[in-house]
Amino acid sequence: MTTFQGAPAEKAGFVGIGSRDVARMGYGLGSLTRAASSGADGFDAGVRLLRQAGDLGVTFYDTAQFYGAGVANRLLARAFGADRDAVFYASKVGARPLPEGPAPMTAAQKPSELRDAVHENLRSLGTDHLDLVYLRRMDMQPGLVIEDSSDQKIPLEDLLAELVALRDSGDIGAIGLSHVSLEQFRAALPAGIAAVSNIHNLLHREHEDLLRLAEEHDVVWSPYFPLGGGGYAGLPKVTEDPRVREIAEQLGMTPNQVGLAWVLARSPQSLVISGTASPDHLRENVEAAGVHLPDEALRALDAAA
């Protein structure tokens, strides 16, 4: 992997997570995993795309063992095995994949399951540590919600204690939270939270109060579905909003770039993890890191929600 100062992904600057700094334009493995699961050709194309992301200066890769039952992690291991120290692996625990059924995953929230998931991530990534591990909660819509009577309904403090122990042992470098409420985030702060990943984009701003609290505590804000859509969530697509398309045309940009640039502009703690399986779209997305949205455009976009 070749990275260089001033690469497109670095144009928006850096944020600190634990003991490391990463470019604010990251990459999410969700859509690439689906494309790479189609066979050997798809897998090899996925490896090439990840190496292209590295060449563009992307260092932050958002993955999970339950993405394609390990496919995402195997892609990263193949792409960056020799350059492990140059990349930042952020994974998620709290779920496990299902081979069939209405949802592709189910809860795995017990402390022992979190530990097992971390070790599974380490094996499939071929590494001795994960830079960041998000605890993916299932207490609210959209997505899978654990019933109060379930043995998977584990108090947040018990799960944080397990992750703190894994951090103390060196298996993980930093702790994150995903799909959490403002109250849960506030309660977890004493454990040393480094990042939060909730749904957030131009057209879905339900968690703005959580974002502002994250800013106060220098916690990285890395929202998922930064361009909306997202299938199960039923979110509108940012790129189809008339104001986004109009501003993109005025500024000579694509709607994708406007939507991603808005996320970066929303907070100095924002880190984008938009994903794609297309080399052309990858470059388009990464180049959004160098976009400056004029104040007039930001005011018009703020009125879009």
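Which helix does Ala-248 lie in? I looked this up and found Ala-248 in helix H8, residues 242–251. I take helices (H or I, at least four residues) and strands (E, at least two) as DSSP runs, numbered from the N terminus.

The model I have open is predicted, and local features need pLDDT of at least 70, side-chain atom pairs count only at pLDDT 80 or more, and totals for chains, interfaces and linings use all residues. Residues are numbered from 1 along each chain as its sequence is written, and side-chain values use heavy atoms, with hydrogens and water left out.

**Entry: Ala-248**

I note Ala-248 as buried because its relative accessibility is 2%. Buried means under 20% relative accessible area, exposed over 50%, and partly exposed in between, with a 1.4 Å probe and protein chains only. Not counting residues up to four places away in sequence, Ala-248 touches Met-253, Thr-254, Pro-255 and Val-258; contact here means heavy atoms within 4.5 Å. I also checked Ala-248 against Ile-172, 76 residues apart along the chain, and their C-alpha atoms are separated by 40 Å.

**Entry: Asn-121 and Asn-73**

Is Asn-121 buried or exposed? Asn-121 has 0% relative accessibility and so counts as buried. Asn-73 is also at 0% and therefore counts as buried.

The two side chains are joined by a polar contact of 3.0 Å. For a polar contact I require a pair of N or O atoms within 3.5 Å; within protein, one must be able to donate a hydrogen and the other to accept it, and residues adjacent in sequence count only if both atoms are side-chain atoms. The side chain of Asn-121 has a polar contact with that of Ser-91 at 2.6 Å. The side chain of Asn-73 has one with that of Thr-63 at 2.7 Å.

With neighbours within four places in sequence set aside, I list Ala-64, Gln-65, Asn-73, Ser-91, Lys-92, Val-93 and Leu-130 in contact with Asn-121.

**Entry: second largest pocket**

I put its volume at about 150 Å³. On a 1 Å grid over the protein atoms alone, a pocket is an open set of points with protein on both sides within 12 Å along at least five of seven lines, a cavity is a set of points where a 1.4 Å probe fits but cannot get out, and lining residues have an atom within 4 Å of a point. Grid points are joined across faces, edges and corners, and a volume is the space filled by probe spheres set on the points.

Which element gives the largest share of this lining? H4 does, with 4 residues. Strand S5 (88–93), strand S6 (95–97) and H4 each supply at least two residues. The lining includes Gln-65, Lys-92, Arg-96, Glu-113 and Asp-116. I sort the lining into 6 nonpolar, 1 polar and 5 charged residues. Ala, Val, Leu, Ile, Met, Phe, Trp, Tyr, Cys and Pro count as nonpolar, Asp, Glu, Lys and Arg as charged, and the others, Gly among them, as polar.

**Entry: largest cavity**

I found 1 cavity of 30 Å³ or more in the structure. About 30 Å³ of space lies in the largest cavity. Its lining consists of Met-25, Gly-26, Tyr-27, Ser-274, Thr-276, Leu-282, Asn-285 and Val-286, divided into 4 nonpolar, 4 polar and no charged residues. Helix H10 (residues 279–287) gives the largest share, 3 residues.

**Entry: backbone**

Most residues other than glycine have a negative phi, and most peptide bonds are trans.

- Gln-141 and Pro-142 are joined by a cis peptide bond, with omega about 0°; Pro-142 lies in the loop between strand S8 (132–136) and helix H5 (156–169).
- Ala-69 is not a glycine, yet has a positive phi of about 50°. Ala-69 sits in the loop between strand S4 (60–62) and H3 and is partly exposed, at 48% relative accessible area.
- Asp-218, not a glycine either, has a positive phi of about 55°. I find Asp-218 in the loop between helix H7 (208–216) and strand S11 (220–221), exposed at 56%.
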